[in-house]
Every structure is written in C-alpha cells, then in structure tokens.
Amino acid sequence: MEIRQAEITDPAIPSIALGTEGVPYPVPGEVAQIEANKQMARAAAEKERQRRTDEVRSLESESAIAREINIEYAIAAMETERTRRVSQHNLAIVHNQLVRENSKKEVARLVEDERGRRMSQSSMAAVHDEIHREQAKQVAVVQMEQERSRRMSEGTIANVHNELLRAQSKRAVVVAMEAERARRMSHDAIAEVHCDLLRRNSIDKVVQLAEGERSRRVQEHGDQVAADELARAAGQAAAVEAAESERIRRLSSLEHVATMAGISAVEGSVAPVDVAKSSQEESLSELPVASTAPDVEKLALRDLRETLADVLPALPANCDASKLQTIRLLRFLRGHKGNVDAAAAKYRANVDLRQKYNLDTIRDNIVLGRMTVQDFPHYEKIRRYVPAVTAYDIEDDSHNVLAFEKVGAVDVHGLMVNVSEAEWLTFALHELELRALTLDQRSLEHRTLVCVTVLRDLDGFSLTRLTRPALARLQRTVSLASTCYPESVHKSVFVNTPWVFYTAWKGIQLWLDDAQRQKTVFLTRGDASGALDVICPPAKRPLLFGGTNERIDLRPTGLLGKDSYALLRENGATEADIRPRDVLTVPFRMNANDTLCWEFCVAQYDVDFLVKFRTQGDGGAVEQSVEGWDKARFVHGQVEAASWTAPSAGVAVLCWDNSFSWTRGKTLCYKASVAKPSIVMNDMSDDAMDLSGHTSL
C-alpha cells in the first residue's frame, strides 16, 4: 500500500518522505484520524511555542532586573568613589592652604626682618647725613652771616644815598604835581563856572521865552475866548431874533392854515413844527472828518458836548483846537457805536486817568519839545526787549498808519526783570499820547478818521512765558489804552498764529469790548502770505515781516537772533539727558478741560516726541496716544511750543523717545505747566492762571 506525504505545518515535526510511486495518501477511511492527528500536532506546536515565548520573556525580565541591580551598584560605587575623591580633594586644599599660610607667615617674618635690617642701616645713614647737613648748615650760616654783614655795610651806604635821591625827587615831583593840579583846577574851575553860567543863562532864556510864549498864548487864548464870547453872544442874539421872527411867521402861517382847513375838506391837518429843533439843527457846525451819517453824528456830538459841558474846555468854533476836540469826541462816539451815555461815561473816566497820570503834561512836553519815540524816557532800555515800531510815514489807501510788533520775539523775562512797572508805564503813556496826537492831526489833515493798523507776528510765541506779573502789566496797559484812546486801531492782525495762542486769547479777549474784538484778524502760517499782502503789501512791510521796505527801522531785538536752546534754559526750563535707547517721560495729573502747555528744544541731533493720556478704566489704567500728537521727530535749533486740553480726568504724559539711537544720548530742555479752565484772565488774584511753574507729579 502506497503512503502519501502528510502536510505538517509545524516546523518542529519532521516531514515524511514518500516515494513517487507509492499508494495515494490518505486512505479515505483514515481522513478523520489524520485530521485529529493534525489538530493534536498543532496544539502541541502552539504549546511549545508559547512555552518558549514565556521562557524568552522570563530570561529578558531576569536580564533587565540584573541590569538595574548592576546600574544601582555602579551608581553607588561611583558616588562612593566621588565622595572619596572630594574628601581627598578637600584634604588637599586644606593642606595646601595650611602650607600657603605657613609660607606667608615665613615670608612676612623674613620681610619684616629684612625691613628692620634695612631700616637700621637707613637710620644710621640718615643720622650720619643729618650730622653732615647740620655741620654744613652751620658753616653756611657763618659764611652767609659774614657776607650779609659785608653787603649790609655796602648796601646801607647805597640805600642812604638812594633814599636821599628819592626824597629829593619826591619833593620835586610833589611840587610840580601841586603846581599842575592848581593850574588845572583853576582852569577847570573857570571852565566849569563858565559852562554853569552859560547853562544858567540858557535855562533862564528858555524859561523866559517859554514863560513869554505861555503868557502870549494865554493872552491870545483869553482874547480869542472873549472875542468868541462876544461873537457867540451876538450870534445867539441874532439867532434868537431870527428864530422869533420865524416863529411868528410860522404861527401866522399855521393860523391861516387852520382857518383854511374848515373850508376845504380835501386838505389834511398840518403837523406842528418844532421851531427850536430846526433852529438848533441850523446852528450845528460841519464835521471835520468824513462820516457815513453826518446828521446823526452831529446831533450825537451836540448831546455829548451838552453832557460833558462841565469837563470840556470852551474853544473857538472854527479853530484847529476845536476841530481836534471834535475828532476826539468822535472817537469816543464811534468807539461806543453812537451811544452818548456810554461815550460820556468813558470820557469822564478818561479825564480822571489823564489827571491821575498827568497825560496833559506829557502831551505838552511832546508838542513843545518836538519829541519822537527815540526821545521818550527808557526808550533804549525797553526796545532792547521789545522789537516793535510804528511807521508814521507809511500809510495804507485809507491814510491809516502801520505798526509792526514781533510779539513772539518779545523777551518777557528780561522785560519783567530789568524794566520796572513805573518805567514801562511812563514809556507806554508817552507812546500812546504821541500816537493819539499824530492820528488826530492826520485826521484833520486828510478829513477822515485816521487809525493805526497793527501787525503782530506770533512766530516763536510760547504760552509758558506768560507769567502772572506779565499778564497783569499787559492788562493794565490794554485797559488804559481802551479807556483813553478809543477807536485808534483800524485793524489788529496776528500773523503766523499758532493754535496754542487761542488758549491765551480766550482770556485776553475778555479785556476788550465787542468793537475791538471785531477788528481782530488771525492769519496762520499757511494762509498768511496772500491775506497779509492784501492788508499790507510787501513794499510797505519791513524786512523782518517778509517785506522789502528797508526804511522802517525795526531792530532785531528781544529774542531775535538768540540761541533758542540757551534762551529757553535761561528762562527757567528744565534740562534733561536721555540715554541711548531710552525714553524720558514727564507725567501731569489733569482734570477735565485742563490745558497742558509745553515747549522744548533739543540741544543737538533730533528726538521723537509724543503725548499719551492715561485714564482709569474698569480693568485698570488704560493708556492711549493723544490724537494729533502721535510720535514725530523734532530736530535741534527749533523751539516746539504747543498745548492740549484734556477731555476727562487722567494723567497726561509727555514722552521724548530716543530708542531709535543705539549709541548717542540726547540733551533737551523743556517747560510745561497745567492751566485750569476756570481762570478769569482779567482777575489777577491768587486764583489766576499759573503758567510760570512746572507742576508735574
């Protein structure tokens, strides 16, 4: 029977090789037995495989445990060895330290012994040298004493001889000087006496001439007043007689009209005629200057003269003095919009101020002395700090004169320190009187009310320069000019107006009336060229105002031409250094509507500047950049002045950023202050705006 090779899946069971010519296997009757054997073989193979796998795992676990134990033993051995070596190293260090200390002590002892030995040797050498020096000194002293005695004997003889010669020379010089002094004193005394006599004679002659001229003018005035009185009386009598005749004629006409009224029903009633009013209108004199409403101004002038009859001097009707008085009264009327009562009240206040400050005496001195601005008291002292000039020889098309003021370049600090209140007031009164006198004379000459157009350049203006004393002095000057010299300004033009100026203008405009505020014009740096040329052409402007007129003597005084950084530092600015890659911050605590004003200048190079505002929110402080004051770079040589108003309470922070510079530090000086919104500028009490200090946190 042929046996076929069985299929064995387990490699551990050897396969049975069958012959190629054997009986086919399996036998059909043994298939079940073969399948059972196969299953048993597979189970035995799987069991053997699982046993071997478990055995391998057990060996691996034992190997891992052995490795862990060996590692721990190795670590313990290494730690023990390290501890032993550290202890040996510490023992070696201690031993070396002891050896060094012993060596140091030994070296110190040896050095001390050597020093003592050398000191003993040097002491002995010093003692020996000292003995030699003392001996040499004694020998030298003896020799010098002998030489001195010898020279003294020779010098004494020479000194005595020289002293005699000097005494004789002194006596001769004294005699000569006394003679020359007497000669010069006599000559100087004679010259001084002669000059004094000449001065006295000149003064006496001037006084006599002035007294004679005054007496002549008084006599002429008295005669003129008497003649005017007579003429006025005669005119009044004639006017009364003519008015009476006219009244009788009109009354007869009225009676006739009343009689005829009953006859004709078509004719209306006749209104009564104010004869007195018509006669007064006929007696009104002509205005010395042009007017848009002459009849109204004539009546207002008549009422004003009647109201001020007790303070107005009586003058001839058609003389120049009367016309100048009329022009003066017209300025008060037009300055108060034709309100007779307001003009009369202001004129009476003007009379009181003129008596208080002796303005009539100042005007007489200007007229009799033919004084100009250069002749005024303290002119040179004040012009050193105030660059301004009034060009009386330059007129516009309406004959208005022009005045130029560099307001932004006024040295306020120097003016307040070096010019007293009395000196400033004296000069201001002289200048205002000369201006009023000149304007009235020009008005009479041109038959139009001549005023002055003032151009004020605000380039360089700084709000922090406006200290309380400076504002008080400015307010008193403006108040005096408004009271005594109304309707003298045709237009006030501010050129190169920085937006920070409007902060100060909010208070300054309270000092002015409505008419003065309406005459104010503001021109910023961008639109100043065209508008300024219309108001005042370049041919009529000085060089410092961008014009071409070299005849106007506007000197570059005040802050013009000065170092802006040094000037700001001299005016009390704080100087600060900013290190490379650093930021300087200055905080200010502010309430709502408070205004922070600042100005600064960089000494060299440039620096970034920005303004931040911190407010308290629900989650803590919130910091944000101020609109319009984001980071911008400013270079040296320019003074940056500005202000900002806080919308709410918080902390404003001025930041100068030098973080862009890696190696260069920067130096700057700055001034800053907080202005309160509730300040009334015309009240100069302790609650006035403080712009002079640095009120930081």
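The side chains of Gln 325 and Arg 305 are joined by a polar contact of 2.9 Å. The model is predicted. Its largest nonpolar core holds 34 residues, and a second, separate core holds 27 residues.

- Gln 325 lies in helix H4, which spans residues 320-335.
- Gln 325 counts as buried because its relative accessibility is 11%, and buried means under 20%.
- Apart from neighbours within four places in sequence, Gln 325 is in contact with Leu 312, Pro 313 and Leu 315 as well as with Arg 305.

**Nonpolar cores**
- In the largest nonpolar core, the residues that touch the most other members are Ile 366, Phe 376, Ile 382, Val 386 and Leu 415.
- At least two residues of this core come from each of helices H6 (359-369), H7 (379-383), H8 (412-418), H9 (421-446) and H10 (468-484), and likewise from each of strands E1 (388-395), E2 (401-405) and E3 (452-457).
- H9 gives the most to this core, with eight residues.
- Beyond four places in sequence, Ile 366 is in contact with Met 371, Phe 376, His 430, Glu 433, Leu 434 and Leu 437.
- The second, separate core includes Ala 576, Met 590, Phe 600 and Tyr 670.

**Surface patch**
- Ile 65, Ile 69 and Tyr 73 make a nonpolar surface patch of about 330 Å².
- Ile 65 is located in helix H1 (residues 31-261).
- Ile 65 counts as exposed because its relative accessibility is 52%, and exposed means over 50%.

Notes. Residues numbered from 1 in each chain as written. Predicted model: local features only at pLDDT ≥ 70, side-chain atom pairs only at ≥ 80, totals over all residues. Heavy atoms only, no water. Helix = DSSP H or I, 4+ residues; strand = E, 2+ residues; numbered from the N terminus. Buried < 20%, exposed > 50% of the residue type's maximum accessible area, 1.4 Å probe, protein only. Polar contact = N/O pair within 3.5 Å; in protein donor to acceptor, adjacent residues only side chain to side chain. Contact = heavy atoms within 4.5 Å. Core = buried A, V, L, I, M, F, W, Y, C linked by side-chain atoms within 4.5 Å. Patch = residues over 30% accessible without salt bridge, like charges linked within 9 Å, V, L, I, M, F, W, Y side chains within 5 Å. Areas by Shrake-Rupley, 256 points an atom, 1.4 Å probe, with all protein chains shown as cover. Salt bridge = Lys/Arg side-chain N within 4 Å of Asp/Glu carboxyl O.
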